[in-house]
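Biologist: Could you walk me through this one slowly, as I am new to reading structures?

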Amino acid sequence: MICYALLAHEDEKALLQQVRNIKKYNRDDVLIVLYNGGNNKKFGKKVAKKEKIKICPYSRPFQPKGTGRMFYDVARWLKETKVKYDYLVYFESDMMFVNDGFEDALDEWLKDYDCIWKINRTITDPEKTKWEPGKFMLQEIEPWGDIFPGGILTRTFNPLQTYRRKIMSKILEKISPDRWEEFFSKVKIRCMGEMLYPTLAVSCGAKVRTFPGNTKKYLRWRPSLTIGDMKRAKKKSNIFAVHPVKDEEVREWIYKKG
C-alpha cells in the first residue's frame, strides 16, 4: 500500500481534484495524508471528510525555509498510529497522475532497493557546488554530524521521493525526537527535504536507485507543464505522476480528460 504525504495549503477545489486524481490512478487501499501548510486550520477538512483522507495532526504553516519537516511529521505520525504502508511518497500540491500502474512499477523498481528518487548526487565541498541550499548546509554542518555523517550530503528532488517503511523506521530511530526538533528549530535552509532524508537514508545503509527514462522529463522544477506535455505524457505507459502542474487549465484537463 502506498501512502502519499501530500503538502498543500490553499485552494480547496484544486485539493479535491488532486485527491480524486490520486485515487483514480492508484489501488483502492491507497492512503493520502494531507499536511496542511496553511494558516487556515480548517483547510482540507471538507475534502478529508468527503474523500476519507487523513490530515496529519502535526501540520503547521508553510515556511519557505521550513518545509523540510513535513516528511518527518507525517512519517512519525504513521509510526505512532502503526500504519502498515509499503511505500511513503513525497507529494506536492502541483503534482497529478496521468497513467495507472505506479505501485506495480514501484514493486518492480524497488525489488532489491529501499528508496527511489529523481536524482542522486553527493555534495561534499561548498566551493564546488552551485546548488545554494547544499552550499549553505555544508557551511553549517559541523554541529550536525549525527544527521550528516562525515559532512557529506546526498541530494535529490522532492517530488515523488519514495521510501520503504523499513528504511523510514530506521531514519526515525537514528535521531531522537528532541534532536529532530532542535535541528528544525535552528537550521533554516530552503529545500531541506531534498537533502535531509536522502542523506539519512544513505547513512542508514539504504540501497538507492533513480527513476528510469522518461519519468525525469515530466518530473521537473520548471517550466510548468502544458496541456501538450500532458497529451504526450499520457501516451507513455511508464509516465505516472507529473510535476509541476501550475496552471488551472492544465489541472482541469488532467482531471477531466487525463
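Modeller: In strand E4, Tyr87, Val89 and Phe91 point one way while Leu88, Tyr90 and Glu92 point the other way, and all are buried, where buried means under 20% relative accessible area with a 1.4 Å probe and protein chains only. Strands here are DSSP runs of E with at least two residues, numbered from the N terminus. This is a predicted model, in which local features need pLDDT of at least 70, side-chain atom pairs count only at pLDDT 80 or more, and totals for chains, interfaces and linings use all residues. Residues are numbered from 1 along each chain as its sequence is written, and side-chain values use heavy atoms, with hydrogens and water left out.

Biologist: Why is E4 largely enclosed?

Modeller: Because 6 of the 6 residues of E4, which covers residues 87–92, are buried, the rest of the structure largely encloses this strand.

Biologist: Which strands pair with E4?

Modeller: Strand E1 (residues 2–8) pairs with E4 in the parallel sense over 6 bridges, and Leu7 stands opposite Glu92 there. Strand E9 (residues 162–164) pairs with E4 in the antiparallel sense over 3 bridges, with Val89 opposite Thr162. Pairing requires that DSSP finds at least two bridges between two strands.

Biologist: New topic: how many disulfides does the structure hold?

Modeller: It holds 0 disulfides, a disulfide being a pair of cysteine sulfur atoms within 2.5 Å.

How values were computed. Buried means under 20% relative accessible area, exposed over 50%, partly exposed in between (1.4 Å probe, protein chains only). Helices (H or I, at least four residues) and strands (E, at least two) are DSSP runs, numbered from the N terminus.
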